[in-house]
Amino acid sequence: MRKQRPASALFISDLHLSDAQPATLRVFLSFLRGPARSAEALYILGDLFEYWAGDDDRDAPLHRTVQDALTDLSRAGVSIYFLAGNRDFLVGDAFAHAAQIELLPDPTLIEIAGQRVLLTHGDALCTDDQAYQAYRKQVRDPAWQSAFLGRPLGERKQIIESLREQSEAAKQVKATEIMDVNPSAVAALLREHAYPALLHGHTHRPAHHRLQVDGRDCERWVLEDWHNDAPYIRWDESGARMLRHAHGD
Ligand code: MN
């Protein structure tokens, strides 16, 4: 994959689109018609969808609407990249092709106006949650995925629904600290990639952290989830800033 070097880019994550949240879909469609067209590239850093049972579900009305809106944005000249989250890691080539988006591995290093930026969803950094990491390892295994995708769509949706219920129940008793990123995991990732800026979502704890790793000044940007009005980060030659698309039309 060629290294991406957009002059300007927008970043979003954790929209958790579902039929149960029509307002979030409306503001997302408005965002795609509006602010998203002001940059060269749009990066979606995971959990665009509350769940994704497989690309054979891409003609469901919500998925079709999102696909068409992404296609429109792509035709308007904006490059769209998708890095999967823990909810929608089964998004595959068929949806990507139909929506005219490019799938990225996690993590992915890009460069914006000379600044190296490492993109990740963020769940891999929550290493204190060992039960989650064991689950993640299982479901990211290609053999597990092909077996899962071999089941009928209706059955997959039922399994996902029961996993979501278990995950919600587990969250109630987990200490809030273990659901945040682990500082050593962050440091190791930054070291491995020669100390870029780090940008992720997942934790729903929006922030701009300054930190030191091995005596080097580093920064970590955390995207906000979309329970509030369309938060996004714009990164261009003047740096990064957190913005909001406050009113959908
Ligand atoms: Mn997530």
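**Strand pairing, metal site and packing in a predicted model**

In strand β7, A197 is the bridge partner of V117. The structure is a predicted model, in which local features need pLDDT of at least 70 and side-chain atom pairs count only at pLDDT 80 or more, while totals for chains, interfaces and linings use all residues. Residues are numbered from 1 along each chain as its sequence is written, and side-chain values use heavy atoms, with hydrogens and water left out.

Strands (E, at least two residues) and helices (H or I, at least four) are DSSP runs, numbered from the N terminus. Two strands are taken to pair if DSSP finds at least two bridges between them. Strand β6 (residues 115–119) pairs with β7 in the parallel sense over three bridges. Both strands belong to an open sheet of five strands with mixed pairing, in the order β5-β6-β7-β9-β8. Because β5 (108–112) and β8 stand at the edges with a single partner strand each, one side of each is left without a neighbour in the sheet. From one strand to the next, the twist averages 25°. Helix α7 (residues 183–192) lies across β6, β7, β8 and β9 (216–222), and runs at about 70° to β8. Such angles run from 0 to 180 degrees between N-to-C directions, with axes as lines fitted to C-alpha atoms, for helices over the stretch in contact. Contact means heavy atoms within 4.5 Å.

Strands β10 (residues 231–236) and β11 (residues 239–244) run antiparallel and are joined by six bridges. A hairpin of two residues connects β10 to β11, and D236 has G239 as its bridge partner in β11.

The manganese ion is coordinated at 2.1 to 2.2 Å by D47 (OD), N86 (OD1), H121 (NE2) and H202 (ND1). Donors are N, O and S atoms within 2.8 Å of the metal (3.2 Å for Na, K and Ca); water is not among the atoms, so sites may look incomplete. Along the chain, the donors follow the spacing D-x38-N-x34-H-x80-H. D47 lies in the loop between β2 (41–44) and α2 (61–75), and H202 in the loop between β7 (197–200) and β8 (207–213), 155 residues apart. Both D47 and H202 are buried, where buried means under 20% relative accessible area, exposed over 50% and partly exposed in between (1.4 Å probe, protein chains only).

Rings of Phe, Tyr and Trp (its six-membered ring) pair if their centres lie within 6.5 Å; planes under 30 degrees apart count as stacked, over 60 as edge-to-face and the rest as tilted. The count of aromatic pairs comes to 11. One of them, between Y43 and Y81, is stacked, at 4.7 Å centre to centre with 20° between the planes. Y43 lies in strand β2 and Y81 in strand β3 (residues 79–83), so the pair ties together parts that are 38 residues apart in sequence. Y43 and Y81 are both buried. Ring pairs also link F28, F31, W226 and Y232 into a cluster.

In helix α4 (residues 130–139), the buried residues are Y132, Q133, R136 and V139. The arc they cover around the axis is only 135°, which puts them on the same side of α4; this arc is that of the directions from the helix axis to the C-beta atoms. The exposed residues Q130, A131 and K137 are carried on the face of α4 turned away from its buried side.
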